[in-house]
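Subject: Structure handover

Hello,

Here is the structure I promised.

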Amino acid sequence: MLTVYIPMDSVACAVGADDVAQRFAEEAARRGMALDIRRTSSRGLFWLEPLVEVDTPHGRAGFRTVTPEDVSGLLAIDMAAVRDHLLSIGLVDELPYLKSQQRLLFARAGLTRPLSLDDYLAAGGYQGLEKAAAMSGDDIVANVLDSGLRGRGGAAFPAGIKWRTVRQAGADSKYVVCNADEGDSGSFADRMLMEGDPFLLLEGMTIAGLAVGATRGYIYVRSEYAPAIAVLRQAIVIAREHGYLGDNVAHGGHDFDIEVREGAGAYICGEETSLLESLEGKRGTVRAKPPLPALQGLFGQPTLVHNVLSLASVPLILARGAAWYRNFGMGRSLGTMAFQLAGNVRRGGLVERAFGLTLRELVLDYGGGTASGRPLKAVQLGGPLGAWIPPSLLDTPLDYEALAAIGAMLGHGGAVLADDTVDMGRMARFAMRFCAIESCGKCTPCRIGSTRGVEVIDRLLAAGNAEEKSRQHALLDDLCLTMQHGSLCALGGMTPFPVQSALKYFPADFGLTSQENAQ
Amino acid sequence: MTPEQQTAVEGLLRSHAAAPGGLLPLLHAVQDQLGYLPPAAVPLIASAFNRTRAEIEGVISFYHDFHTEPPARHTLRLCRAEACQCMGGEALAAQLRDSLGLPDEGVSADGELGLIPVYCLGACACAPALELDGRLHARVTPDKLRQLLQGLKGGEGAC
């Protein structure tokens, strides 16, 4: 019987994967043909979606951007001559884009069915939890410390230190909270992982619960990710039925259960304290720190808050060992990072690599430059609070420290490409406008500064003479400084990054000469 | 609020009010069932959660997702974030402005289509993206948008 693999990832479906799968079923029925249609996760090769794969003696072969009209032809071809088909991309594992990656977190992407526990177990799932269940909490924490894992949500704080703090905090109840409020434009790795490999996140959270002594976990998912919410809720039911959640998890003598909570369209709830307020049923306003959430977090109790990819890294660290994990990466940036190529890019998708490749390799070698074919103007790295990086800085290595040195940040690893038609004056204005829309309103520099920022940029762009330009420019610099140093959290504190980088590298888009800009 | 709406809210309150931090799940449940959050439901919710009406209204007004007016028959959420902006998302916004007279946010003159800007639908590798009546569409071209809108007029909708 022929087996075809078609992703059920929501973005693959948004470009037609469901329609293609349905046509395969109809065509097979019409021909009286036995056909096994497996709906897997996505490989993350989004420019090829809908990507349909079939088994061949040498491995899975793929067909790119398949439409329902192509299906009849695909069913008719001779499997020995797969490569001759117009849409054939050959063996998927041999694609340089995929073959050169180091997929640890996304090892199962495109291979397994998201809600098949059997697929997950057959591909190494729950080995980390089995080990952790037989260990003491202190030993689990020691493993995470030794691995050098840093938070993947943006702040890159050493995970083990957070775990130790929560573990050592004395309290009746503790929580593990997964921050799945992935709101950065250009980022979709969390979405892919939750939709495609939900048990991995559940396993990571469960290990975290055993380690810090928590019995309850929450996954706070943004409401824009309805398919991810549905998949996670089903996965939780399945995990419970099989003893991986609930009482006496994995026979280790500890209880742990997880609930999915849906956000409500507030970008700020990706900030951890705002997320905790929202989970408590309040407005998502940012809390002042200290107290740290690790000591007084959800409902005032010690709480381990982590991003999706941080928690999803944990099962592998436990299963394969901290030393093995440290083999990946460079300097103090260890392990792999899931980079995401988006925007005006020829080959948009997920690139999981050890830290240390350069932005050029990511954007040009993997991404293939702009989709429009026009010259690349800038790359925004790390979401709406990240700097716009000009082509002259493409040789910067993608690790936390090297990026900080050029005033940029990795954030959640999303890279948005812009071609030369994009006006950086407009993008700077958008950064301020976005901050104004999404500000929680608690601190003045963010709440009022962002609105004033839009006005100042409007005046700067409209200024008719050099004197007025220079006055508005000075005012904008001053405002950016105030927001950067006076805001309570990263929203107000980092909104100046895209603004100032746009000014610095693209003064002409503001009607400034580079000389005026330097003053 | 109609008696049916009130019964629905009371039923949902019974299943949500006791959950820790249960207010957001409750608000989502009410909106999913009724299509919006009727202002008259606020005192009921406040009483069940033992919080003030001001607090409940404060929560509702904080989150972009919650609406206190009935929605249009169809809802289009257009992504306006950077990745989509870089791939023609703004042209789609202009198309809606020109063809339906819809500004960035609002309801079409015939009351059929509500437009809401969103900032990222997670389809950034296949930008630009939009969501029509809960269904995600990516690599949206002006032609595709025209077809989707045409589909709505046909009564069946693309949903």
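A cavity here is a set of grid points where a 1.4 Å probe fits but cannot get out. Keep in mind that this is a predicted model. Everything below is computed from it.

**Cavities**

The structure holds 3 cavities of 30 Å³ or more. I looked at two of them.

The second largest cavity has about 50 Å³ of space. Its lining is made up of L2(A), V4(A), F24(A), V52(A), V54(A), F63(A), L74(A), L75(A) and M79(A). Three elements of chain A supply at least two lining residues each: β1 (2-7), β3 (52-56) and α3 (68-76). What classes of residue make up this lining? There are 9 nonpolar residues, no polar and no charged.

The largest cavity has a volume of about 70 Å³. Its lining includes the run S439(A), C440(A), G441(A), K442(A) and C443(A). C446(A) lines this cavity as well. So do L488(A), C489(A), L491(A) and G492(A). I268(A) and V286(A) complete the list. By class, the lining of the largest cavity has 8 nonpolar, 3 polar and 1 charged.

**The second largest pocket**

This pocket holds about 1,300 Å³ of space. Its lining counts 47 residues. Which of them lie nearest the centre? They are G153(A), G154(A), A155(A), G270(A) and A490(A).

Four elements of chain A each give at least two residues to this lining: α8 (159-168), β9 (303-307), α16 (400-405) and α20 (490-494). β9(A) gives the most, with 5 residues. The pocket lining splits into 23 nonpolar, 15 polar and 9 charged residues.

Two helix pairs are worth a look. Two packed helices are described by the angle between their axes and the distance between the axes.

Take α17 (residues 424-438) and α21 (residues 496-505) of chain A. They pack at an angle of about 165°, and their axes are 8 Å apart. Angles over 145 degrees count as roughly antiparallel, so α17(A) is roughly antiparallel to α21(A). The crossing of α17(A) past α21(A) is left-handed. On the α17(A) side, the contact is made by M424(A), A428(A), A431(A) and M432(A). On the α21(A) side, it is made by P498(A), V499(A) and A502(A). By class, this contact of α17(A) with α21(A) has 7 nonpolar residues, no polar and no charged.

Now α7 (residues 137-147) and α10 (residues 198-212), also of chain A. Their axes come within 7 Å and cross at roughly 125°. That angle makes α7(A) oblique to α10(A). α7(A) and α10(A) cross in a left-handed sense. From α7(A), G137(A), I140(A) and V141(A) take part. They meet I207(A), L210(A) and A211(A) in α10(A). The contact of α7(A) with α10(A) comprises 5 nonpolar residues, 1 polar and no charged.

**Chain B**

Chain B has 7 helices and 5 strands. From the N terminus on, its elements run α-α-α-α-β-α-α-β-β-β-β-α. The C-alpha trace of chain B spans about 50 × 30 × 20 Å along its principal axes.

Best wishes

Notes:
Residues are numbered from 1 along each chain as its sequence is written. Chains are lettered from A and ligands numbered from 1 in the order in which they are written. This is a predicted model: local features need pLDDT of at least 70, side-chain atom pairs count only at pLDDT 80 or more; totals for chains, interfaces and linings use all residues. Side-chain values use heavy atoms; hydrogens and water are left out. Axes are lines fitted to C-alpha atoms, for helices over the stretch in contact, and angles run from 0 to 180 degrees between N-to-C directions. Angles under 35 degrees count as roughly parallel, over 145 as roughly antiparallel, 65 to 115 as roughly perpendicular and the rest as oblique. A crossing is left-handed if the near helix is turned anticlockwise from the far one by less than a right angle, and right-handed if clockwise. Contact means heavy atoms within 4.5 Å. Ala, Val, Leu, Ile, Met, Phe, Trp, Tyr, Cys and Pro count as nonpolar, Asp, Glu, Lys and Arg as charged, and the others, Gly among them, as polar. On a 1 Å grid over the protein atoms alone, a cavity is a set of points where a 1.4 Å probe fits but cannot get out, and a pocket is an open set with protein on both sides within 12 Å along at least five of seven lines; lining residues have an atom within 4 Å of a point. Grid points are joined across faces, edges and corners, and a volume is the space filled by probe spheres set on the points.
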